[in-house]
Amino acid sequence: MAKKHPSKRKFEKPHSRKENRDQGVRAKKHLGQHFLRDEDVARQIGDTLTLKGYTDVLEIGPGTGVLTKYILQKPVDLIAMDLDTESIAYLNTSFKLEQKISSPEKFKVEEADFLRYDLKALFPGKPFAIIGNFPYNISTQIVFKTLEYKERIPEFTGMFQKEVAQRICAQEGSKTYGILSVLAQAYYDAEYLFTVPPDVFIPPPKVDSGVLRLQRKPDFRAIGCEENLLFKVVKMAFQQRRKTLRNSLKGMGLSDRFRESEETLLSKRPEQLSVQAFIALTAAIQNDLTKA
């Protein structure tokens with residue numbers, strides 16, 4: 001279940017404008033880049049990592065390394081992944097010299113597309129956390145790919161467009177509650193941490209940003225229903241979110257017996273169901289389809 005309130009830790013609101021210098025790396029619109037320039041905010045995001053039982057970390061979209069250096073202050077082995085050749089060149093040269101990084105195990109830079117990368121090749125056989133100031137244009141895809149590799153990823157933390165971060169952490173009954181909310185929270189505890197204003201970025205986006213943390217549930221392997229079916233049920237339900245489940249799930253081929261026995265549940269709209277209710281519904285549908 002998503003937590004309604006921020007973490008018990010008190011995160012500082014961005015009060016100063018202590019900025020990192022322009023490193024000659026230009027933010028590129030086609031990559032959805034907005035470089036973080038506020039050192040205080042970068043430190044706060046770095047501090048969201050809990051690193052409980054693991055030390056390997058993947059940073060997505062490091063840009064000029066303003067967040068990267070605060071991650072490296074922790075006992076981690078870090079891979080920074082970016083598509084931007086300018087960022088890659090800077091991180092491999094000036095940044096490594098400035099941060100006095102001599103151990104290749106401590107910090108590696110990978111020029112690659114996260115969405116196309118085989119994550120099994122990263123930190124072979126070991127769990128790793130994901131962190132980043134995520135490009136807004138692919139942020140939801142990053143979450144879905146994380147769900148594919150949840151066996152390897154116990155922790156996920158970073159910055160999104162505020163409304164996307166709120167959607168991931170939303171609870172039933174909220175207008176923002178949807179596919180991302182249910183599927184992320186089926187496997188992770190979701191926590192909205194703090195809001196970041198546009199003026200801490202170069203160039204500033206037109207919207208606020210939000211930082212969240214996902215921590216994998218201890219029982220994530222045993223949610224109580226078939227995973228692919230859960231994804232199908234949730235997506236079908238929210239694709240027609242104004243309709244009742246009775247109508248939106250018509251294509252499932254459910255028996256008349258099931259429809260009669262689950263009349264009360266099927267008369268609800270998807271945003272009225274909790275994550276656990278969706279799991280229970282999927283388990284019941286799975287049982288019905290097995291008997292068909």
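Trainee: Which handedness does the crossing of α4 and α6 have?

Mentor: The crossing of α4 and α6 is left-handed; a crossing is so called if the near helix is turned anticlockwise from the far one by less than a right angle, and right-handed if clockwise. This is a predicted model, in which local features need pLDDT of at least 70, side-chain atom pairs count only at pLDDT 80 or more, and totals for chains, interfaces and linings use all residues. Residues are numbered from 1 along each chain as its sequence is written, and side-chain values use heavy atoms, with hydrogens and water left out.

Trainee: At what angle do α4 and α6 pack, and how far apart are their axes?

Mentor: Two packed helices are described by the angle between their axes and the distance between the axes. Axes are lines fitted to C-alpha atoms, for helices over the stretch in contact, and angles run from 0 to 180 degrees between N-to-C directions. Here α4 (residues 139-148) and α6 (residues 179-187) pack at about 30 degrees, with axes 11 Å apart. Helices (H or I, at least four residues) and strands (E, at least two) are DSSP runs, numbered from the N terminus.

Trainee: Which residues make the contact?

Mentor: Contact means heavy atoms within 4.5 Å. From α4 come Thr140, Val143, Phe144 and Leu147, and from α6 come Ile179, Leu180, Leu183, Ala184 and Tyr187. These residues divide into eight nonpolar, one polar and no charged; Ala, Val, Leu, Ile, Met, Phe, Trp, Tyr, Cys and Pro count as nonpolar, Asp, Glu, Lys and Arg as charged, and the others, Gly among them, as polar.

Trainee: How many residues of α6 are buried?

Mentor: Buried means under 20% relative accessible area, exposed over 50%, and partly exposed in between (1.4 Å probe, protein chains only). Eight of the nine residues of α6 are buried, and their cover includes α4, α5, β7 (188-196), β9 (209-216), α7 (227-239) and α11 (275-291).

Trainee: Where is Thr176, and is Thr176 buried or partly exposed?

Mentor: Thr176 lies in the loop between α5 (162-169) and α6. With 33% relative accessibility, Thr176 is partly exposed. Leaving aside neighbours within four places in sequence, Thr176 is in contact with Gln166, Arg167, Ala170 and Ser181.
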